[in-house]
Amino acid sequence: MDHQGRDIIQDSGTDTVELAFRPTRADILRGIQVRDRIRRLTPVRWVAAVLFAAFGAFLALGGADAAPGVALSLLTAVLIWGTPRIQANHVFRTVSWQGEYRATVSDAGITVETDHTTLTQRWSLFRGYRETRDHLVLLSRDPNILILEVAPKRGLRTADDLDRLRTLLARHLPRV
């Protein structure tokens with residue numbers, strides 16, 4: 001394939017919306033939480049954490065000999081519950097050093113630039129989007145939703161930009 005999709009990337013001169021922001025742990029955590037809700041992992045995580053905590057409490061009835069088992073069970077419960085926060089911290093360490101992100105959303109897709117990188121993602125990469133109070137989260141098509149694009153609303157210049165961004169997203173992606 002000679003063109004590798006470059007003909008699709010060419011901007012058609014239509015409406016664009018620009019965002020400028022520095023990613024925060026809260027932005028990344030919100031994206032991970034949205035992904036987990038879509039994948040229905042949140043209830044599974046809570047059930048597993050409660051089961052391990054209950055098992056730790058049951059082991060505690062066994063006296064002092066059960067202390068290592070109790071500690072291990074409670075630690076496991078905390079780690080299961082905290083997995084999204086651990087993931088968000090890891091991702092934040094990976095992206096935070098790049099500084100300010102400048103995103104341009106157009107009919108061609110989303111182009112994100114930092115001082116070190118430029119990444120263009122076509123709409124075909126995404127399965128849909130979900131809006132939260134402070135973010136718009138785009139979710140990739142792969143079964144595990146490994147790629148997220150989190151657009152914090154604070155990065156928009158005006159309130160009109162939010163309406164234009166919603167319109168652009170609705171034109172290319174379904175709400176999920």
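Modeller: Start with the contact itself. In H3, Arg45, Trp46, Ala48, Ala49, Phe52, Ala53, Phe55, Gly56, Leu59 and Ala60 meet Gly69, Val70, Ser73, Leu74, Thr76, Ala77, Ile80, Trp81, Thr83 and Pro84 in H4. Contact here means heavy atoms within 4.5 Å. By class, this contact has 14 nonpolar, five polar and one charged residues. Ala, Val, Leu, Ile, Met, Phe, Trp, Tyr, Cys and Pro count as nonpolar, Asp, Glu, Lys and Arg as charged, and the others, Gly among them, as polar.

A word on the source. This is a predicted model: local features need pLDDT of at least 70, side-chain atom pairs count only at pLDDT 80 or more, and totals for chains, interfaces and linings use all residues. Residues are numbered from 1 along each chain as its sequence is written, and side-chain values use heavy atoms, leaving out hydrogens and water.

Now the geometry. Two packed helices are described by the angle between their axes and the distance between the axes. H3 spans residues 41-60 and H4 spans residues 67-95. Helices are DSSP runs (H or I, at least four residues), strands likewise (E, at least two), numbered from the N terminus. The axes of H3 and H4 come within 8 Å and cross at roughly 165°. Axes are lines fitted to C-alpha atoms, for helices over the stretch in contact, and angles run from 0 to 180 degrees between N-to-C directions. H3 and H4 are therefore roughly antiparallel (over 145 degrees). Their crossing is left-handed: the near helix is turned anticlockwise from the far one by less than a right angle.

H4 has another partner, H2 (residues 25-38). The axes of H2 and H4 come within 9 Å and cross at roughly 130°. From H2, the residues in contact include Arg25, Ile28 and Asp36; from H4, they include Pro84, Arg85 and Val95. This contact divides into eight nonpolar, three polar and four charged residues.

Last, the record. An unreviewed UniProt entry annotates residues 43-60 and 66-83 as "transmembrane region"; such annotations may be inferred rather than shown by experiment. In the model, residues 43-60 are 100% helix, and residues 66-83 are 94% helix.

Definitions and conventions
Parallel < 35°, antiparallel > 145°, perpendicular 65-115°, else oblique.
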